Each structure stands twice: as C-alpha cells, then as structure tokens.
Amino acid sequence: MALRKILTQGESSLEKVCRPVERFDRRLHILLDDMKETLAEANGVGLAAPQVGILRRAVIVVDEQDQMIELVNPVIIRQEGEQDGLEGCLSVPGMYGKVKRPNYVIVRAQDRDGNPFEVSGEGIVARCFCHETEHLDGHLFVEHTGRLYTLEELDAMEADGEELQ
Ligand code: NI
C-alpha cells in the first residue's frame, strides 16, 4: 500500500465526470487499498478516486462503526428527510460550510470484486455518501454553501453565539 497525494480545489481532476469502473482487477484493488491508507492518514471520513487523480467511479466512506466501506460505481437510489450541517473536504483543506443534505440515503454499489450490494446511512454517514458520490461528477461541497469558514472563525462564532449562514 502507498499514500497518494490528495489534490486540492483548482485541480482539473476534481471537476471531471469520472468513468465507471469496468475491470475489478488488481489495479483497482491497489487503488482502493491506497485510498484507504490515504484517508486514514488524513483523518478524514471519506475519499473519492478523483481526489487522488484517478477519474474512475470509486469512493471510500467511513461508517458509524468506523469501518471503511469501499463503494465502486455507487448510485444513490433513495433519499429521505433533510439535514443542515457543517461540511468539509480533504480537497478544500481548513474550510467548512453549512450544507443541506438528505438525512437518510440508500446507495447501490459494487464491491472490489464486482458484486452488487446496497448500503444505507443516516446523519453524517448519509452526508458522506452524498458528498463522495458528488465528487464522481466533478462537484465540490462549496457549490452548496454561501459562505466558507475557517475553524478559527467557527470557534469565534460559537463563542459569540452567532448563527452560521
Ligand atoms: Ni470531499
């Protein structure tokens, strides 16, 4: 396994529509293993292949049990409810914004060997499924928020009892 470089906003790979994974081969397995190692090292909750410069539809999401789920060719097939919350991205380091997402989603995907499965998530995990899946179509969370905040700004606002925009 190896760490991969996480690309940041402005890199063209983050703006592209990724192609489906068609070969469930050793190369895919190495990519998924590297993505998991990179995500753990970065202390994140999700990572999409285009964030490491690979334009294929594969993501990793950390679930409530702290397990990393590999999702190849993920599609959100059902969504319910709504939640508002702070969101960040390893490709937009140090910046956070308030983003509206469904509160519950069901995702259909394939595992690393091509076997189809479905997985559901709510709360922060649902948020993460939405955020990571969106990366595969070239979108970043910053498109859904009016303002971005640094951690320092968030701390100051909390101390002052100010509302997030
Ligand atoms: Ni992201």
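Reader: What makes helix 2 count as a helix, and which strands does helix 2 lie across?

Author: A helix is a DSSP run of H or I with at least four residues, a strand is a run of E with at least two, and numbering starts at the N terminus. Helix 2 covers residues 124-135, so that run meets the definition. Helix 2 lies across strand 1, strand 2, strand 3, strand 6 (104-110) and strand 7, running at about 125° to strand 7. Angles go from 0 to 180 degrees between N-to-C directions, with axes fitted to C-alpha atoms, for helices over the stretch in contact. Contact means heavy atoms within 4.5 Å.

This is a predicted model: local features need pLDDT of at least 70, side-chain atom pairs count only at pLDDT 80 or more, and totals for chains, interfaces and linings use all residues. Residues are numbered from 1 along each chain as its sequence is written, and side-chain values use heavy atoms, leaving out hydrogens and water.

Reader: Why do strand 1 and strand 7 stand at the edges?

Author: The open sheet has five strands in the order 1-2-3-6-7, with antiparallel pairing. Strand 1 (46-48) and strand 7 (116-122) each have a single partner strand, so one side of each is left without a neighbour in the sheet. From one strand to the next, the twist averages 40°.

Reader: How do you know that strand 1 and strand 2 pair?

Author: Two strands pair if DSSP finds at least two bridges between them. Strand 1 and strand 2 (residues 58-62) are joined by three bridges, so they qualify as a pair. L47, for instance, has I60 in strand 2 as its bridge partner. Helix 1 (residues 26-42) packs on the sheet, where it touches strand 1, strand 2 and strand 3 (68-80).

Reader: Why is C89 called buried, and what about H135?

Author: Buried means under 20% relative accessible area, exposed over 50%, and partly exposed in between (1.4 Å probe, protein chains only). C89 has 10% and H135 has 2%, so both count as buried.
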